[in-house]
Amino acid sequence: MQPSDRKAADSGPDAEFTRFVAARWRALTHTAYLLTGDFHEAEDLVQTTLAKVYPHWRRLDPERAEHYVRRALVNTNRSRYRRRRITHLLLPSLPDTGPVHDDGAGADGVDVYDALARELADLPERQRAVVVLRYCEDLSVEEVADVLGCSVGTVKSQASRALAKLRSRSSLTRTYPASRPAEAR
């Protein structure tokens, strides 16, 4: 490859996609982990999403690319969740999917991210997506509504229900003590 060919290869849509993936891989994988509750499934989810997005990359507005990928990630997770749910309904017994603890646990022996992922996994899929996008990805209510393709009111109600469920669980209150008085919430 000659230097002029290399320069052209470094500036095309493929190079832009490669730079995007390199810059956003960790954040996308973190979001996927919170959606799936499993690191390996999260990596698979991100890879599947990026494989679906790549053919459309040339047509994307660069300023909206991350939004498009995030929406594709949530939609791909929905499809994965539906397929997985059908498989679980057809299996006579579920495989053991308990969490694996390592030496990176928190002060009380509970890995903070593991506890959060387990609690998020118990939420319905839509509520989990709202919590992850709104509170972990720090998107506004309007942005979450846009990513999920629903109304602002739906985002607010799903977030409210999800937070009520999460607050009622003792494992999260031990791991994440309240930092504000109840009346300030």
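This is a predicted model: local features need pLDDT of at least 70, side-chain atom pairs count only at pLDDT 80 or more; totals for chains, interfaces and linings use all residues.
Two packed helices are described by the angle between their axes and the distance between the axes. Here helix 2 (residues 13–36) and helix 6 (residues 125–136) pack at about 145°, and their axes are 9 Å apart. The axes are lines fitted to C-alpha atoms over the stretch in contact, and the angles run from 0 to 180 degrees between N-to-C directions. On the helix 2 side, Thr31, Leu34 and Leu35 make the contact, and on the helix 6 side Arg128, Ala129, Val132 and Cys136 do; contact means heavy atoms within 4.5 Å. Sorted by class, that contact has five nonpolar residues, one polar and one charged. For that sorting, Ala, Val, Leu, Ile, Met, Phe, Trp, Tyr, Cys and Pro are nonpolar, Asp, Glu, Lys and Arg are charged, and the others, Gly among them, are polar.

Now zoom out. The protein chain has nine helices and zero strands, where helices (H or I, at least four residues) and strands (E, at least two) are DSSP runs numbered from the N terminus. Of its 185 residues, 35% count as buried; buried means under 20% relative accessible area, exposed over 50%, and partly exposed in between (1.4 Å probe, protein chains only). Take the contacts between residues at least 6 apart in sequence, and 61% of them join residues at least 24 apart.

Next, the inside. The largest nonpolar core holds 40 residues, and Trp57, Leu120 and Leu148 touch the most other members. Such a core is a set of buried Ala, Val, Leu, Ile, Met, Phe, Trp, Tyr and Cys residues joined through side-chain atoms within 4.5 Å. Helix 2 gives the largest share of this core, eight residues. Both domain 1 (10–92) and domain 2 (109–173) put in at least three residues each, with the bounds coming from an automatic or database domain assignment. Leaving out residues up to four places away in sequence, Trp57 touches Pro13, Glu16, Phe17, Phe20, Ala65 and Val69.

Threonine 18 is exposed at 52% relative accessible area, and its C-alpha is 9.9 Å from that of tyrosine 54, 36 residues apart in sequence.

Glutamine 127 belongs to helix 6 and counts as buried because its relative accessible area is 6%. Beyond residues up to four places away in sequence, glutamine 127 touches Gln158, Arg161, Ala162 and Lys165. Aspartate 138 lies in the loop between helix 6 and helix 7 and is exposed, at 62% relative accessibility. Aspartate 138 also has a positive phi of about 60°, although it is not a glycine.

Terms used
Residues are numbered from 1 along each chain as its sequence is written. Side-chain values use heavy atoms; hydrogens and water are left out.
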